[in-house]
Amino acid sequence: MRFMVMVKASAESEAGVMPSEELITEMTRFNEELVKAGVMLAGDGLHPSSRGARIKFSGDKRTVVDGPFAETKELIAGYWILQCKSLDEVKEWMRRCPNPTGAEGEVEIRQIFDQDDFGEALTPELREREQRMAEQIGQNRGG
Amino acid sequence: MIDETHRATEAVWRIEAPKLIAALVRLVGDVGLAEELAQDALVAALEQWPREGVPNKPAAWLMATAKHRAIDAIRRQRRLQEKHEVLGRELEVQPLGVPELEAVLEDTPISDDLLRLVFIACHPVLSMDARVALTLRLLGGLTTDEIAHAFLVPEPTIAQRIVRAKRTLAEAHVPFEVPSTDELSERLSAVLEVIYLVFNEGYSASAGDYWTRPALCEDALRLGRVLAELMPNEPEVHGLVALMEIQASRLRARLSPSGEPILLLDQNRALWDQLLIRRGLAALRRAERLGLALGPYALQAAIAACHARARTAEETDWVRIAALYDALSEVTPSPVVELNRAMAVAMAYGPATGLEVADALASEPSLKTYYVLPNVRGDLLFRLGRFAEAAAEFERAATLTRNARQREVLRGRAAQARNAAEDA
């Protein structure tokens, strides 16, 4: 199973303050643990929302809203993609995530959808439709 | 709440079990006893944590608890041995004192013990089945029930297999060590074989087993990735990881909705998992950067990488693939590799050149009853416009396959070739 662990933004991350050497050292050590255990597939930090944008949808209408965005605690400052046996395993890994500054913080764990997750509800016909859809997307993407 | 703690405890166990067991084998010198002691520590955690909460450093807690139990066990053993000594029996080895033992434990990085555990679980004294079960159990952190489920055998069979494997290791006095340089490459390839077998068990599962089997691919990948960090200077480890990552990237594309396998060149590449492909290519670069000759896994990974890099089947770099098959057939010569080489050569340099390679296999006894050789020859002959010969080859292939659907397809191709021959 794959999970996305989202690191919530903070006032500092939104202000574009780069992490301290101590934090980077601790995080590198933690990431190495994840890699050594064979669970970390990917991970990145994100620029502050002032360098991002949103596209809002309403019917046919599209509205572009440039950052920064106000609700700091709802924003994402980085993520990991982990492959683990269960949500409990991800929880246990993330309890070990360092927090050397002692600041308030939060990470959110979400499972990534997999075709298998639909289980028996995904009948062969539905599976076929899904696949055809993916093929069309592929053709469109391929140009 | 108790249930929550219970699940958290099991998660800690899943993460820590291999390291715990590895450290304990080093202490007590016996895989079976080490696993028992680790289990004891787990039981203690399951009793204590629901009352007192999961400790802040659960890994350290488990390790400390298990170590104490190990030291108790060693003390008991030693008292027994001392009694024997009084009776005039000599000890073969002077055992370490408890404080010395602790010092040894502190000094040895856990990764060294983990690597020793890998080699003991995949020791050639064990049968292949036993190596697989023991590896998944000790290093994959799987329960016997999970292993049984994945391999579609009854749970007691796996439990028995593991018990017997541990006994075999003890009776053979298999040392807890990384093999010496002169036998390392052979022993390492045995380890890689176990991991790749687990992967293939999951990969070749039929659609009916959709639920459990792909998990085996993930288990194998995880073991491979762990090994790559333990042995970063071994190109074949990165080669195997690269091969598995790239093959796993095609898991979603390799079966039709009705469960029929889809050939690589016919797969919908939009379904290939780009994250795994990127990881596979990175692992392959790690293997190549070590600057040593590439072994069979790295070469197979390099071939898989050629396919992964091609955005469409038409963009495939067949010249490079043919060259990689040349190298592969030098390292591990086999009729099946030659057959694949014939196909690659045909794609790169035309059907006539491919046919030369295929024809050289005509007298190969191991291919006598294998439908693929006449199928390949039929295909190449057809492309050369030698339709009558092609029809005969497809017919021969049809009589050799045991798969009814396959036979139908081959008969169809034979008919197509006959029609073409009449039109010509």
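**View 1. Overall make-up of chain A in the predicted model.** Of the 143 residues in chain A, 16% are buried.

**View 2. The open sheet of chain A.** Four strands of chain A make up an open sheet with the order β2-β5-β1-β6, and the pairing within this sheet is antiparallel. The edges are formed by β2 (40-45) and β6 (107-111) of chain A, each of which pairs on one side only. From one strand to the next, the twist averages 15°.

**View 3. Pairing of β2 with β5 in chain A.** Strand β2(A) is joined by five bridges to strand β5 (residues 76-83) of chain A, and the two strands run antiparallel. Within this part of the sheet, A:G45 stands opposite A:G78, a residue of β5(A).

**View 4. Helix α3 of chain A against the sheet.** Helix α3 (residues 87-95) of chain A packs on the sheet, where this helix touches β1 (2-8), β5 and β6 of chain A. The direction of α3 makes about 160° with that of β6(A).

**View 5. Two packed helices of chain B, α9 and α11.** In chain B, helix α9 (residues 181-203) packs with helix α11 (residues 235-248) at an angle of about 5°, and their axes are 11 Å apart. Because angles under 35 degrees count as roughly parallel, α9(B) and α11(B) are described as roughly parallel to each other. On the α9(B) side, the contact involves B:L188, B:L192, B:I195, B:Y196, B:F199 and B:Y203, which meet B:E236, B:V237, B:L240, B:M244 and B:Q247 of α11(B). Sorted by class, the residues in this contact are nine nonpolar, one polar and one charged.

**View 6. Helix α6 of chain B and its buried residues.** Helix α6 (residues 128-138) of chain B is mostly covered, with nine of its 11 residues buried. The buried residues of α6(B) are B:A130, B:R131, B:V132, B:A133, B:L134, B:T135, B:L136, B:R137 and B:L138.

How values were computed:
Residues numbered from 1 in each chain as written. Chains lettered and ligands numbered in written order. Predicted model: local features only at pLDDT ≥ 70, side-chain atom pairs only at ≥ 80, totals over all residues. Axes fitted to C-alpha atoms, helices over the stretch in contact; angles between N-to-C directions. Parallel < 35°, antiparallel > 145°, perpendicular 65-115°, else oblique. Contact = placed C-beta atoms within 7 Å. Nonpolar A, V, L, I, M, F, W, Y, C, P; charged D, E, K, R; others polar. Buried ≥ 20, exposed ≤ 12 C-beta atoms within 10 Å, placed from the backbone. Pairing = 2+ DSSP bridges.
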